[in-house]
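Dear colleague,

Please find the structure below. My notes on it follow directly after.

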Amino acid sequence: MTENLTIASRLDALEKRLRALEDERAIRQLIAAYGPLVDSGASAAAAALWEPDGVYDIANTGIAHGCDAIAALFDGPFHQDLIASGAAHTLGPAHIVIDGLRAVATGYSVVFAWNKVGFAPTRVAANRWELVRDVDGWRVRRRFNRLLDGAEASRVLLRAAQQLDPFEPPHG
Amino acid sequence: MTENLTIASRLDALEKRLRALEDERAIRQLIAAYGPLVDSGASAAAAALWEPDGVYDIANTGIAHGCDAIAALFDGPFHQDLIASGAAHTLGPAHIVIDGLRAVATGYSVVFAWNKVGFAPTRVAANRWELVRDVDGWRVRRRFNRLLDGAEASRVLLRAAQQLDPFEPPHG
Amino acid sequence: MTENLTIASRLDALEKRLRALEDERAIRQLIAAYGPLVDSGASAAAAALWEPDGVYDIANTGIAHGCDAIAALFDGPFHQDLIASGAAHTLGPAHIVIDGLRAVATGYSVVFAWNKVGFAPTRVAANRWELVRDVDGWRVRRRFNRLLDGAEASRVLLRAAQQLDPFEPPHG
């Protein structure tokens, strides 16, 4: 009996640790899915990485509320012209903190655009992904994107990498 | 008995889930090995990431069939001049789908080259890695590389990120 | 009894394999923490990724010995001016080899800087992280950074990706 209890507790511990790695893997996979979706024009599928009422708050662009508004952003002329000319929305490895059903991922995005002569890194930004897990898996509740152009806003975002509570972006 | 059966089924499930994470890790490691090998002139070792009859289909360069042809590409004057001048073949985090003994990884590559004044991103491309697992572990069966210069070919490749069946690149 | 022995050995094997994945995850997380820390001015926290007597050997800059010297580097005018103007210290996915309590991670770093007109990749380098695990987790013992400007030093570093023994950088 004692032996089986010990076995049961070891199994419990293994399942819990494995689940933590699977959660981290799922979040990495979600972030890795973003670029291929937006660069190939799969706007609705890209927006579906967010919760139905999720938020995408993008430097120099604005705040899109909900999957429809986020998809509209990807379907809009700015993004469509960008990918028609040639663009790569690359996302680097993220720092990921998970606590139960919520998580925060912090990392860099670099957009490369083709200008008919060469490629140029047109946008380099800090990103914060606030994620939640529901029955369908992990989804984005809010993504913040701030250009690394010296503005304090980007440094505030990066400093919050360990903070799971909802981010309050500074004004300006 | 019932208890041990339950234990056995939990162990089976854990082993299966762990194997999935190990497979994903092995594929990430393979892709992470590519840059250091080609940038340091280890052409044969780089080519050995492919199966003996593997394929590397590269935009603006051609299709190399088999490890010898792939190694010859890395040993050729174009690549050798590039790394002698200074180059980094960087590969971002990939979206990875695994089904048993086969897998597909989709991600971005950016080649930075040193031009004696500064670094420039000379090639930005979408990459599709079709991989298989044999007794020696994961190997590349086919890698496709398409420049993100606005050509539809790159978008078709990115759209196939969830598709495990062999990719049929569009002509042109 | 035999059955329980088998169960125990399966549990042992699972715990060992899981630990290997957790170690790899911890090392990835450490490397992913670096950029957000140095780009947001959290110099002491960035330096604390190293062991107290850790080493950061940087191309064109010098060798910092110990956390205080490493923090001083991030607090110095060169780095502070860089992040005040706008900079991203991006690190790509690393090739990671772990052996018990020590590990080596090899990968690329690209520093993008904002020059008031656009972003430019000002430093592209090969990186070798020699890591050790103590009671507090993984820490950096030595990090080497070599520009990919054609110098043999960077290729020697990349060639050592599988080598766990301390790296001997070539002179010059």
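In this predicted model, chain C and chain A bury about 2,800 Å² between them, 64% of it on carbon and sulfur atoms (buried area being the accessible area, 1.4 Å probe, that two parts lose on being put together, summed over both). On the chain C side, C:Leu11, C:Leu18 and C:Phe119 lose the most area to chain A, together 22% of what that side buries. The interface brings 35 residues of chain C into contact with 30 residues of chain A (contact: heavy atoms within 4.5 Å).

As to conventions, the model is predicted, so that local features need pLDDT of at least 70 and side-chain atom pairs pLDDT 80 or more, while totals for chains, interfaces and linings use all residues. Residues are numbered from 1 along each chain as its sequence is written, chains are lettered from A and ligands numbered from 1 in the order in which they are written, and side-chain values use heavy atoms, without hydrogens and water.

Between chain C and chain A there are 5 salt bridges (a side-chain nitrogen of Lys or Arg within 4 Å of a carboxyl oxygen of Asp or Glu). One of them joins A:Arg17 to C:Glu22, with the closest N and O atoms 2.8 Å apart. Another salt bridge pairs C:Glu15 with A:Arg10 at 3.0 Å, N to O. This pair runs from helix α1 of chain C to helix α1 (residues 2-39) of chain A (helices being DSSP runs of H or I, at least four residues, numbered from the N terminus, and strands runs of E, at least two). C:Glu15 is partly exposed, at 24% relative accessible area, and A:Arg10 is likewise partly exposed, at 21% (buried is under 20%, exposed over 50%, partly exposed in between; 1.4 Å probe, protein chains only).

A further salt bridge links C:Glu24 with B:Arg25, the closest N and O atoms being 3.3 Å apart. It crosses from helix α1 of chain C to helix α1 (residues 2-39) of chain B. C:Glu24 is buried at 2%, and B:Arg25 is buried at 17%. Salt bridges with shared partners join Glu24, Arg25 and Arg28 of chains A, B and C into one network.

Finally, chain B can be laid on chain C with an RMSD of 0.0 Å by a turn of 120° and a shift of 0.0 Å along the axis, which is the relation of a three-fold axis (superposition by least squares on the C-alpha atoms of residues with pLDDT of at least 70 in both).

With kind regards
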